[in-house]
Each structure stands twice: as C-alpha cells, then as structure tokens.
Amino acid sequence: MSIYLLTLVVYLMTDVIACWGLNLQFGEAGLYSFGFIVCQAAGAYTVGLLTLGSAAPGQTYFFGAHLAFPVPIICSAAVGGVFGVVFGVAALRRIRLDYQALAMLVIAVIANYVVNGVTGFLDGPIGLVGIPLPVPGFTQAPSGAPGWGYAVVCVPALIVSFWIVWSLSRSPAGRAMRTARSNEAVARATGKSVAKLWLGALFWGGVLGGLSGGLLVAFIGAWAPASWEFTETFVLLTALIVGGVGNVWGAALGALLVPVAFAEGSRYLPAIPGSPDLGPSLEWIAVGLVTVLFLWFRPAGLIRERRRKYAVAAIEEVGEADQSDTGGPPMSAGVASADDVASTGLTSGSAATQPARATAATREVTTSSPVTRGGPPAIEVEDVVVRFGGVTALDRVSLVVPEGSVTAIVGPNGAGKSTLVGVIAGSQRPASGHVRMFGDDVTAMKSHARARHGLARSFQISGEVDGLTVFENVMIGEARHEGEGMLRALAGRWAWRDPELRVTGRAAIEVRRVGLEDRVNAVTSELSGGQRRLMEIARCLVGTPRVVLLDEPMAGVNPRMADAIIEHIRRLKDRGLTVLLVEHELEVVEDVADRIVLLSDGRTVMQGDTGEVLNAEALREVYLGV
Amino acid sequence: MFIFLTALSAGLVGAAAMALASVGFSMQFGIGNLFNLAFGALMTLGGFFAYVVNAAGLGLWLSAAIAAVGLGVVSVLMGRAIYRPFTLRARRFGKGVEAAVIMVSFGVAVMVQYSIQAIWGASTVYGYRVGVSAVALSANGFVLTWQGVASLIVTAALCALLGSFMRFTQFGRAMRATAGNEALARSSGVPVDRILDVSWLISGAFCGLAGVLLVLDIGTLDSFTGSDQLLLVIAGAIVGGVGSPLGAVLGAGLVSVVSEIAAGYISPDLKYVVAFALLVLTLLFRPSGLVGSTARAKVLAK
C-alpha cells in the first residue's frame, strides 16, 4: 500500500510539473504544443544516459555516463528546454493553428519512430532499463523498492518549477506573452518581440517537461518509446482544459484530476468478467467526454485565469493631480501596482502607494517643444512600392510628416491607406522605396523595433487584447518596458518592480486623460466601440512615443464620442507629439489636421497644408469624380 | 527493380484506401473547416460495421456499401451535434475556429477509439469472410490480386464521381462556394446547412468505405486499424492540397508509395518516417499543398 501511495504522489508531482510546462507554452503563450511529450522524453533519456554508465553487453545506447545526483536531473531540465525550442520551431511559422498543432504532433511521432527504429542510439524499442534511484541510501526502502525519500527529492524540483511558472505568469513578461497569445499584431505594435516571447515560453516549458521526465524515469527505472507516445500530450492537455488554462493552480488541479485520478480511479472499478478491455476503455471514454463537455460548458476550466485588479482609488488620486496638468510638468505621484494590490489583497491602493517616481513623465517633456523645428521630418516615405501578386497597391508613394504636425492621410476606399499604414508601422515590407523616422532609415526594421524607436499606433479593427483588463491593455503600450524580460521575471519581483511602477503610473495618467478610470478592471468586451478607441489612444501614449499613428480612430464611433476623440487628438498636438491620422472622412480631417496627404489608386495625388488641399481640384476629382 | 515493383504494388492497393480516406478528410477540412482527428477511429468503425454485416451473412461488397452508409449517418450526426455547434460558437465570439475545434475532435477521437475497444476489445483480431483472391497480374515482383483491382476501380470511380459532382452540378458549385466563404454563400442564398449535411454524409461514407478497403488490404481488423493510418491519411490530404479531391488522391498516392519505397529501400522501421517528414515539410513550407490553389487563401490566413 505504501509503495502504491508513493507512486501516486511521485506521479502527481511529475504530472504537475509537466502540466505547468505545457501551460507555459499552451496556456500563457497560446502555442499548440501537441508534441510536448518530446521534452519529457528527452529529459527522461538524459537522466537514463547520465546515470546508467556505458552500455553493458546486450545494451545498445550511445554516451553512457555515471554522474552524481543531482547533475543528471539538472541536465534533464536543460535538455528538455533545448528540445522545447528545437521541436517548437514549427510555432514560429505563420500557419494556421491546427497546422501548427499537427506539425508539432507529427514531429513528436517522427522522433518516437526514429528512437524506436534506429539501433545503437537509445536501444530501440527496449529503451533504457535498470536506471538506479539517485542517492539510494536516502530514497530506497530497506526492501530495495523506492522509499518516501524519493518524494522528498522531488519537492525541491516542484518548488523550483512553481517559481518558474508563477514568477513568469505574474510578471510583465507574462503580460507580454498573453498579449502575443490573444493579439499578435498588437504585441508587435507595442514593441514586444513575439518570436522571443515564444522561444522563451518554449524553452521554459521544455525545461519543466524535461525535469518532469527526468524525475519520473529515476523513479520508475525504465524508459522506452512506448512510454512517450504522442497521446500522452493529450492527457496533459485535457488536464489543462479541465483544471484551467493559463493559470498555475488550474494546471496543478488538472494534473491531480486527470492523469492521476483517472488512472488510479479505475483501479477500484470491479473487473468485468469476459471483457478485460471494458474497464480501461470506459476510463478513456470518460476522458474524451470530459474534454468535450468542458470545452463546451466551461472552456476556462475549473479555475479561471486570474484577472489582475488595479486599485481605482489610487488611480483617481493621480488623476486629480493631473487635472491641473496639460502635459507639461513631470508627474509626481505613484499608484498601487498590480501586485501591490493583487498579492497583498488590498482593496484600496492608498496604503500601497509608492513614493514619487518622475522618470517616465520627464521623458515626455523633452518632446514638448514648438512645432517648427529644423530637424528631419518625423516620418518620411520615399518612392514606396507594394505589390500583391499582380496588383500594385502602392505605386511610388512619397510623403513627409513634419515633426510636431498633425498630418492626415486621406483617400477613398481602396486608395491604399491601410497598406501605407502597414508600411509605416513595419508590418508590410515594401518591394522598393524607403521609410525614415527622424532621419533614420527604418525600412528594414520590424514593427516591434519601430515601436521601440518611438512609433505608437492604433488599429482600425481589433486593437484590443482579450484576456487582459482595460488597464493592462493600456499598460502594454510601453514599448520600452525595461522589466519585460523573462530572466528578470525569473529573478523575482524586485528585478522588474521599479519599471513596472513607472508604467503603472503612466498608464494611470493616460487612462484618466481619456476618462476610462472607472473601467480599468473591466474586460475589453465590456467597452463600447468608442471606449475601445480611447483605450487605444491611452495605450499609444503610455510609452511616450514621438509619433502616434491613428488608423481611422473615428470609424464606427457615435458622433459625440467622435468629438471627444478629436479633442484628444488636438491635445496630442499640444503635447508636442507628431500625429499621423489615417482617415476616410474629410470633415474630421478639416477639424484637426495641419497637413493633408491625398492618396488615390495607390499614388500620392497631392500633399500640403490643410486649406490648400481641401480647396484643390484634385481632391474633388478623387472624391467626387468631377 | 524487383524491390521497387514489389513496393509499388504493395503501396498501390494501400493507396486506394488511403486515397478514399484522404478525399473524405479533405472534404471535411475544406467545407466543414474541421481538422478531424477522429477520422482514423471512424475508419475503424466503418471496418467493424462491415464486419458485423458480413459476419451476419451478407456479401463483402454489400457489407462495404452498408458500412459506408452507416458511417455517413454517424458523420452527419456528429457534425450536427458536436462540430457545428462548436464552430458556430467560436465564430460568434470571434475566436479561431480551428483552435476550438481541434481539441474537440481529439476528445471525440478518444471516445470513438475506446468505444470500439470497449465493444470489440483492444487487441482482438477480426477478419472478413472472404475467399482467397486470385492473382490478376504478376510481373517481376509486381503483384496485384483481383480484389486489389476491384479496390482500385471502386476508388477511382468514386473519386471521379465526386470530382465531377463538385465541378459540374449546381449542388457541387454550392459546396465549393460554402468552402470558399460560408457567410457569403449563405447570403447568396446557398442552403449552407444542407450543404454541410451532404458533405458530412459523403465524407463519412468515404471514410467508412476506406476503412473496409483498408481491412481488405491488410487482411485483418482490430481496434487500431484506422487510427494507425490517421497521420498517413492527413498526410495525403495535406501534401496533395486540402479541399481538392484530385489533390487528395495524388497526395495519398504519393504518400503511400513513398512509404512503401522507404520501407523497402531504407528500413521497415522507418516506413512512415519519410511520409511524416513530407507532411511536416508541407505544413511548414507549402501549406497549400501540391494542387491546393483554391485552398491557399484559406490555409494561409492564420
């Protein structure tokens, strides 16, 4: 009985670690890692190879070594991480999610076949056997069977794993991952390197996978291709779906309920005479049924992803200080940040208010000098050509956006405005031509790099990130968040607390400016279309950009809200920002723009001061055809 | 040359079953937008349907036809009761349909697979009541039985029939319209729900018949007969180009023959590795497949 219970406990711990790893990849980063089991297998084989020593007669495996505990276990984590990255590269290709999932699954299947079929590698179908327990004096029962000492050995690994997933999840890096999960375009436009986030998730997820495999194999003593068929990944996925995707406790609960409870629960079912397969089959039918039922009735799982609440009181406090300020003097107020509130359970932020931190706001001041400056234009597009197949969407388009101006790009539907936005923001690579920002050639620069270079943008449609609150949606706008790295996240809160506080403070100011302060903890689906636009404007300004690109910010917004948005655009100008406004409606443009660029059929028809362009023949020709 | 011809003939008969299955899979993918991981288990179910009818005394090809119809019905029910509601809900919430449905289809796959095991046992081996088929053709290692010839003819006829149905009839055009853009098709007066029912019916029937042909090719039937082939079926559909019956046939042919040749020349252990590698490379670098020009936009839109 004791050995049975011990087995259960060890399985539970290794399954929890594996589920956490998969949750990092699937839950937090949104990668369909259907081949996750490869990481676990890699870790298991690593521990086997590093403890067994060189192959005895009759065994055929490469590289055997005799390393002392805990070296093999640590190596298993490292190898798992490497395999996570190598086998997850499929995730980096821009293909449909189900293709991504299938590619990873098939890669895992191929790996299994290869290990099974190639001789002299990992001993084929027999696999590695007789892997000894680490530190036998401590982990072995007098009978020679594993003892409770082994469970003790697993505990530190469990703690380290918990630290990895928990600190990643609560950190700015975790928020960036969730941004990339729900809305890649927004993630890129706000300066997140999506590829880096994904590789990070693959690596750390793989580390946990490897670790769980390593711990498991040291306990059971054998590992063969039959131990890691791709269906095992599905058991873990089911566990996540049942427990709750995207949160640490849900993943742990899922590991307890699905692999452990299902497998062990069936032991108590009476055997049905005559049909030995009926019992286990019913167990699996239940797994399938539970998966489908959960996906339908409770897709978030038993424990939902935690929504971080921010202290509205503290934000209002800052807002009042802000009333007298129109963008000039530095802010000198702090707010309670996410974790001050979330982790201490405060309902009011006042007790957690941080001392003044002025750095972020002072950065803004440096840009608020008068409009006319002698420097290079904020944005310069030169002879840009974009072709889609045989269609030339942009044909040698050139335009200049002077620093400090509000420049509008206008043109009828199909003029090429959206393509031009893509070219300027970096999501659309031109066939030829150049894009410059403040004199620097950024043509080859990707979206996230341009965002860090000082370009913020809004989206014509779907600019919100589901799964983040309104406040978090604004916070992600900081393209140069110094605390967003994964290593900082793992180092602990002290490593990212200060930059995070600065961003929280700035976000509070901007949220207040657009009047969304009482919606900060709402989810984006609760906002009206106009409120979402305001949220995006606030997001654009959190990162103290130099140029703000607004893509049809008034589209589909009611007239009163549109007036409010126009007012906000004016204020951006007063703050000394350069604004590039893409707009379909001429009336809107007339109100706010200093300069107009008229685009038609993929060409720049004319550009100049607002009055000049609005009175020009060309405009009437383009818009009215007369 | 001997190895090559042996491999070719072995691959050819298997390819007929694979081709039917790939066409069915491809149809569900193209029109229903479903990546059906349950397809392999459903093929097995088709094999067992035919077994039950065949064991009761009916002839082999009649049993096959009944199995095809039976699977068609199962497929329609499954589409209506499970996949369609999930697809619609994912769309309503603006979520990726493919992401929502692939997990569901896994759940269904597990249920079907283990229901089969619960009824017929996990590893019990069955066979059809069928006499030994005479050799129709034998030359230099290339061997084909009459049964093989019949399988090839049935497959070719059904695929040609489906291809011309999709291309030349009003209903077939409506099917293709639904595959291209369901919302647009609906607003142009295409009865989308009926189209989906019919495509579930046809793809299910192809799936069931493929299961039967597979059993004829292998000679025996057990609970894993179809599931073991799932990835090869998917490989055929995707390498060929999803949404195109012709592509699926070509893809299945290529995959079957390539894996037989790999088994013959490299190692039987690595029989499937080459086919799977082909699948992965297609997924990653040419997701529209060999022929799939119509499906390209759909596949590339992430």
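Which residues is Leu20(B) in contact with, leaving aside its neighbours within four places in sequence? In this predicted model, the partners of Leu20(B) are Thr155(B), Leu158(B), Phe206(B), Leu209(B), Ala210(B) and Leu213(B).

## The nonpolar core

Leu20(B) also belongs to the largest nonpolar core, which holds 290 residues. Leu20(B) is one of the residues that touch the most other members.

## Where chain A meets chain B

How many residues does each chain bring to the contact? Chain A brings 34 residues and chain B brings 35 residues. On chain B, three helices each supply at least two residues to the side that touches chain A: α4 (97-120), α9 (230-240) and α11 (271-285). Of the elements of chain B, α4(B) gives the most to that side, with 14 residues.

The side of chain B that touches chain A can also be sorted by class. Nonpolar residues number 26 there.

## Two domains in chain A

Chain A is divided into domain 1 (2-229) and domain 2 (379-464 + 527-624). The C-alpha centres of these two domains lie 47 Å apart. Contact between them involves 9 residues of domain 1 and 10 residues of domain 2. On the domain 1 side of that contact, 3 residues are nonpolar, 4 are polar and 2 are charged.

## Gly174 in chain A

Gly174(A) lies in helix α7 (residues 172-182) of chain A. Is Gly174(A) buried or exposed? Gly174(A) has 24 other C-beta atoms within 10 Å. A residue counts as buried if 20 or more such atoms lie within that distance, so Gly174(A) is buried.

Which residues does Gly174(A) contact, leaving aside its neighbours within four places in sequence? The partners are Glu28(A), Leu168(A), Ser169(A) and Ala489(A). Leu197(A) is 23 residues away from Gly174(A) along the chain, and their C-alpha atoms are separated by 9.1 Å.

## The four-stranded sheet

One open sheet of chain A has 4 strands, in the order β2-β1-β4-β5. Its pairing is antiparallel. The edge strands are β2 (391-401) and β5 (440-441) of chain A, and each pairs on one side only.

Strand β1 (residues 379-388) of chain A is joined to β2(A) by 7 bridges, and the two run antiparallel. Glu380(A) stands opposite Val400(A), which is in β2(A). Helix α16 (residues 417-425) of chain A lies across β1, β2 and β4 (432-437) of chain A. That helix, α16(A), runs at about 120 degrees to β1(A).

## The six-stranded sheet

A second open sheet of chain A has 6 strands. What is their order? The strands run β6-β7-β8-β3-β9-β10, with mixed pairing. At the edges are β6 (455-457) and β10 (603-609) of chain A, each pairing on one side only. The twist averages 15 degrees from one strand to the next.

Within this sheet, strand β7 (residues 547-551) and strand β8 (residues 578-583) of chain A pair in the parallel sense over 5 bridges. Val547(A) stands opposite Thr578(A) in β8(A). Helix α25 (residues 617-624) of chain A packs on the sheet, where the helix touches β9 (595-600) and β10 of chain A. The direction of α25(A) makes about 45 degrees with that of β9(A).

How values were computed: Residues are numbered from 1 along each chain as its sequence is written. Chains are lettered from A and ligands numbered from 1 in the order in which they are written. This is a predicted model: local features need pLDDT of at least 70, side-chain atom pairs count only at pLDDT 80 or more; totals for chains, interfaces and linings use all residues. Two residues are in contact if their C-beta atoms, placed from the backbone, lie within 7 Å. Ala, Val, Leu, Ile, Met, Phe, Trp, Tyr, Cys and Pro count as nonpolar, Asp, Glu, Lys and Arg as charged, and the others, Gly among them, as polar. Two strands pair if DSSP finds at least two bridges between them. Axes are lines fitted to C-alpha atoms, for helices over the stretch in contact, and angles run from 0 to 180 degrees between N-to-C directions. A nonpolar core is a set of buried Ala, Val, Leu, Ile, Met, Phe, Trp, Tyr and Cys residues joined through C-beta atoms within 7 Å. A residue is buried if 20 or more other C-beta atoms lie within 10 Å of its own, exposed if 12 or fewer, and partly exposed in between; C-beta atoms are placed from the backbone. Domain bounds come from an automatic or database domain assignment.
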